[in-house]
2 protein chains.
Amino acid sequence: MRSTDKFEIISEMAKRRGYFWPSFEIYGGVSGFVTLGPLGSTLKRKIEGRLRDFFIRRLGLFEIETSVIMPGKVFEASGHVEAFQEPMVECKACKRKFRADHLLVEFAGMSETDTEKLSLQELMSEINKREIHCPECDGNFGEPKRFLTMFKTTIGPYSESIGYGRPEAAQGIFVEYKRIYEYTREKLPFGVAIIGHALRNEISPRQGPIRLREFTIMDLEFFFDPEKPQCIMLREVENETLRLLPAERVLKDVDETIEVTVKEALSKGLIRTEWQAFFMALSKRFLAELGVPEEKQRFIEKLDWERAHYSVQGYDQQVYLERWGWVEVSGHNYRTDYDLRCHMEFSGVDMTAFKKHKKPIIKEEISIKPLTSKIGPAFKEDTSRVVKLLSTLDPSELEASFKKQGFHIIKSFKILPEHVEITHKTVKEKGKRFIPHVVEPSFGSDRLFYVTLEYAYKRKEGRTLLSLPRDLAPVGASVFPLVSKDGLPEKARQVYRLLIDSGFTVEYDESGSIGRRYARADEVGTPLGVTVDYQTLKDDTVTVRDRDTWRQVRNKIDELPELLNAYFRLKIEFKELGQPVES
Amino acid sequence: MRSTDKFEIISEMAKRRGYFWPSFEIYGGVSGFVTLGPLGSTLKRKIEGRLRDFFIRRLGLFEIETSVIMPGKVFEASGHVEAFQEPMVECKACKRKFRADHLLVEFAGMSETDTEKLSLQELMSEINKREIHCPECDGNFGEPKRFLTMFKTTIGPYSESIGYGRPEAAQGIFVEYKRIYEYTREKLPFGVAIIGHALRNEISPRQGPIRLREFTIMDLEFFFDPEKPQCIMLREVENETLRLLPAERVLKDVDETIEVTVKEALSKGLIRTEWQAFFMALSKRFLAELGVPEEKQRFIEKLDWERAHYSVQGYDQQVYLERWGWVEVSGHNYRTDYDLRCHMEFSGVDMTAFKKHKKPIIKEEISIKPLTSKIGPAFKEDTSRVVKLLSTLDPSELEASFKKQGFHIIKSFKILPEHVEITHKTVKEKGKRFIPHVVEPSFGSDRLFYVTLEYAYKRKEGRTLLSLPRDLAPVGASVFPLVSKDGLPEKARQVYRLLIDSGFTVEYDESGSIGRRYARADEVGTPLGVTVDYQTLKDDTVTVRDRDTWRQVRNKIDELPELLNAYFRLKIEFKELGQPVES
């Protein structure tokens with residue numbers, strides 16, 4: 001019987017057709033790792049290429065590459081060592097370990113929103129109250145503990161040189177911020193992205209490409225002056241509608257989104273910064289380009305206790321998937337100056353930006369000079385303490401105090417005007433230093449990959465079509481000889497070679513009936529089928545078949561390279577590839 | 001004073017211009033990690049894209065993606081846990097650790113070929129004999145130990161689930177071989193590649209992008225039937241000359257290469273398999289495309305004790321670099337059936353291929369049935385032993401023996417024809433099972449990246465040019481307003497937007513004199529400079545400047561998109577971009 005679970009159908013197809021499958025099967029498998037086969041790795045890379053094009057090249061942002069393994073200090077500074085932990089319980093009988101909060105969701109029907117705010121002790125009492133036992137052996141659980149979900153290792157031969165696999169790529173950008181800022185010639189705003197592997201040592205992941213221990217992330221950190229938070233490109237998206245589920249609705253358990261334009265979301269204060277709204281709008285468009293319609297997308301605001309430790313406002317972009325319901329595909333966080341500040345404090349390296357005032361600000365600077373010749377005799381053994389205390393004083397406060405009452409009390413000491421010399425100086429302040437703020441859109445490319453597959457999956461007349469956007473399809477065209485005799489294979493190989501030499505990704509297939517070969521190409525999502533038939537031998541024309549409509553056109557072989565180039569660059573449509581063929 | 005060390009010059013330029021720099025500088029740096037800045041990450045990705053195009057798409061091979069963290073079993077099976085170790089000594093005084101063999105190379109002038117064959121004990125005695133002390137504190141060294149140079153971690157919450165960072169991507173292919181073989185519809189030969197990060201926990205790396213703890217590798221595993229080792233594409237490269245330094249020369253310390261064609265190298269037995277020779281020839285062409293001339297490339301054969309544990313013949317492709325001399329950029333190993341056999345034995349999963357005979361082979365099968373009713377009385381208490389011994393016999397040997405002398409002696413037992421029943425049966429053998437053999441070309445893309453930079457580095461009239469191949473340059477064109485007034489910046493921004501919308505990677509720059517902007521673009525390797533001047537405002541033409549010759553042409557803005565498209569696809573040359581401008 002055919003399964004009706006979409007994830008199962010797609011996983012089965014994916015395994016058979018080289019899209020993806022669980023890794024290390026010959027060793028019994030290790031959950032949380034997935035292998036992308038020949039078609040899958042190409043599709044995922046093309047999706048990443050499009051992310052790059054859409055968010056980096058077009059916007060004039062930068063991409064850098066940093067390592068997956070990073071020294072412990074980075075994640076101590078960033079707060080991950082402290083915060084990147086999950087509650088875990090061990091079964092006392094079989095010693096198996098589980099995510100404590102996931103048990104409550106799975107076996108007691110609690111919501112993630114509810115479990116995420118529970119302390120270890122509260123988790124324990126909920127588990128006891130709801131009589132949850134080990135799903136494997138029905139044993140009782142021990143006390144929950146916090147488990148660090150970063151992969152830990154040592155760098156070099158010294159056991160004290162701790163390193164971690166990065167759980168997000170973002171830290172690679174913050175740690176290298178100083179050099180990048182120099183590269184931009186110290187001009188804000190600018191954005192920097194990393195697309196690369198990241199690692200999270202999940203306790204017991206079980207959702208294929210949706211929850212992986214190793215995955216690919218695109219973290220984009222957009223740096224701006226918090227006193228100039230205006231998004232210069234907002235006009236391009238301000239009328240885009242977003243489906244939002246703001247925190248107040250989540251808190252009331254309302255599941256219905258509101259539809260607002262970007263402009264409204266900002267004016268109503270639903271999204272706090274323009275740049276974040278801008279990236280949210282682009283992300284919506286991006287998912288639409290991958291084939292996810294508007295009504296299958298939404299943005300849900302993270303509640304206080306759900307947000308990552310670095311975020312003051314966060315929205316998850318979610319896509320509706322048949323098995324799991326709403327699943328996060330990107331996160332949008334306003335990280336403020338949290339990360340740069342942490343690294344500044346931890347490393348002692350200045351990472352502030354400097355901004356010039358339009359014209360220098362003329363300021364009066366007041367300073368206090370303690371007169372020890374007067375303080376000494378007055379305060380004796382407390383002299384040095386008094387001098388120290390004076391250095392912590394706001395000079396204008398002291399001056400005001402003298403003016404008002406003729407003296408100033410600091411701790412128990414009474415300071416008189418004669419004890420100090422107050423000088424006024426006029427200074428020119430040319431500008432000021434500040435720490436840039438950051439908004440971050442962050443995509444999981446394995447999830448985008450799976451989402452694209454699920455939304456491309458179609459059935460037509462009892463057959464499977466993978467209706468991938470043509471420029472994302474792993475193989476652009478298949479070349480088929482109609483039959484494998486009479487010189488057709490030789491001719492078809494020439495066509496194959498021509499298309500390869502013209503830069504296309506092409507497959508050659510001569511095994512089985514032409515109908516079966518068309519069906520196979522449709523199932524793996526190849527947009528075009530180029531067939532060499534008997535007429536080809538006479539006039540050097542071939543038929544070109546469209547995966548989605550099964551329509552065919554005929555054209556000269558010579559014309560194909562330029563036409564296909566235009567077709568895959570989305571410049572022309574299928575029907576422009578040749579003369580229609582009556583079927 | 002200007003440094004004359006090429007590596008230093010390039011590193012300085014790279015740091016300033018956003019190509020690469022040492023990672024984690026704000027935390028004092030961690031050796032063996034390099035950050036690729038905005039230009040560097042793009043250049044490296046373009047080199048990887050070309051590798052992909054050259055070795056995968058054009059040859060019709062496959063690419064897959066697997067994880068960097070892999071379970072311990074994989075590397076126990078592959079032999080890496082046993083073999084991937086390096087000799088290390090610790091200074092007794094300051095406790096610093098060093099590669100024992102590197103100390104002998106650096107401070108006693110020994111060659112790597114010599115140090116690589118030394119045992120731990122021999123290393124110790126060489127270090128003592130040559131009176132090598134700690135380079136940091138002059139202390140004495142303790143006994144050398146072997147240090148596992150894989151990064152170790154645990155997967156999931158169980159401490160016994162060891163995982164390693166992959167030191168090569170190849171194992172990802174071998175472990176997933178079964179699925180890929182199914183994907184190819186079980187047809188040999190085929191090739192599978194992975195391009196991704198790999199990790200080697202070097203003891204004390206100090207050579208920037210040349211020796212990294214985290215780097216990007218392309219491992220390509222080409223599987224073929226060892227009984228059909230012919231390379232079907234050999235004709236394309238058979239007359240390509242290779243500069244080889246075969247083992248016999250290396251052994252005699254001869255440093256002069258021999259020049260042979262691919263055909264000769266095979267017929268003389270210098271390269272053992274056609275597929276390996278094929279990939280070596282392509283690799284030579286590939287490096288030439290990156291800008292490394294023939295005479296700066298060579299292939300050196302690895303000696304028995306230098307080869308990786310899985311290899312029966314290995315050549316390193318080397319490129320001459322000014323600071324380090326000959327440096328490996330790719331390795332070419334004949335891995336035979338070593339890896340698949342290891343994983344078959346370790347996992348118990350059959351990974352053999354099956355090949356049909358053209359027509360079934362009719363074979364006579366002889367079998368021996370011991371007749372216990374006769375053996376029992378004859379051998380008494382030795383009966384079961386005799387039965388066992390008979391089962392190990394080659395039946396045809398027994399039959400021949402009977403024919404010749406009427407009996408057969410096995411151990412001390414005299415077997416007579418009456419003790420056994422010999423039957424002859426005719427069987428049809430339809431085909432046979434075998435383990436495919438593998439040749440592997442393996443590239444380090446960070447080294448290709450550095451090599452490309454060093455060979456692109458030119459000086460012209462006292463200025464720096466980075467003469468990168470135009471399709472590899474990170475930025476295709478810079479758009480400049482001649483001056484930043486009179487409406488030129490606005491016009492230039494329109495040109496910039498047009499080129500961005502046409503899919504090019506373009507920069508806009510209006511700061512500083514036009515001469516300085518040209519110089520900056522030349523230094524970062526941007527092939528074209530598009531300048532908007534006063535004439536542009538009259539007739540919508542711009543000048544286009546060539547980075548290498550500094551020549552300029554003029555053309556209509558509208559014409560640029562199509563012309564640049566052709567130019568970057570290497571279809572037309574610079575002079576075809578417009579009418580020459582007199583300078």
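**Helix packing and chain pairing**

The model is predicted.

- The axes of helix 14 (residues 372-379) and helix 15 (residues 383-391) of chain B cross at roughly 125° and come within 9 Å.
- The crossing in which helix 14 of chain B passes helix 15 of chain B is right-handed.
- On helix 14 of chain B, the contact is made by B:T372, B:I375, B:G376 and B:F379, while helix 15 of chain B contributes B:T383, B:V386 and B:V387.
- This contact has 4 nonpolar and 3 polar residues, with no charged residues.

**The contact between the chains**

- In the contact between the chains, 54 residues of chain A meet 54 residues of chain B.
- Helix 2 (residues 38-57) of chain A gives the most to the side of chain A that touches chain B, namely 5 residues.
- That side of chain A comprises 26 nonpolar, 15 polar and 13 charged residues.

**The symmetry of the two copies**

- Chain A is superposed on chain B by a rotation of 179° with 0.0 Å of shift along its axis, at an RMSD of 0.7 Å.
- This is the relation of a two-fold axis.
- Within chain A, A:T153 has the C-alpha nearest the axis, at 2.8 Å from it.
- Both copies use the same surface, as 100% of the contact residues of chain A recur in chain B.

Key: Residues numbered from 1 in each chain as written. Chains lettered and ligands numbered in written order. Predicted model: local features only at pLDDT ≥ 70, side-chain atom pairs only at ≥ 80, totals over all residues. Contact = placed C-beta atoms within 7 Å. Helix = DSSP H or I, 4+ residues; strand = E, 2+ residues; numbered from the N terminus. Nonpolar A, V, L, I, M, F, W, Y, C, P; charged D, E, K, R; others polar. Axes fitted to C-alpha atoms, helices over the stretch in contact; angles between N-to-C directions. Left-handed = near helix turned anticlockwise from the far one by under 90°. Least-squares fit on C-alpha atoms with pLDDT ≥ 70 in both.
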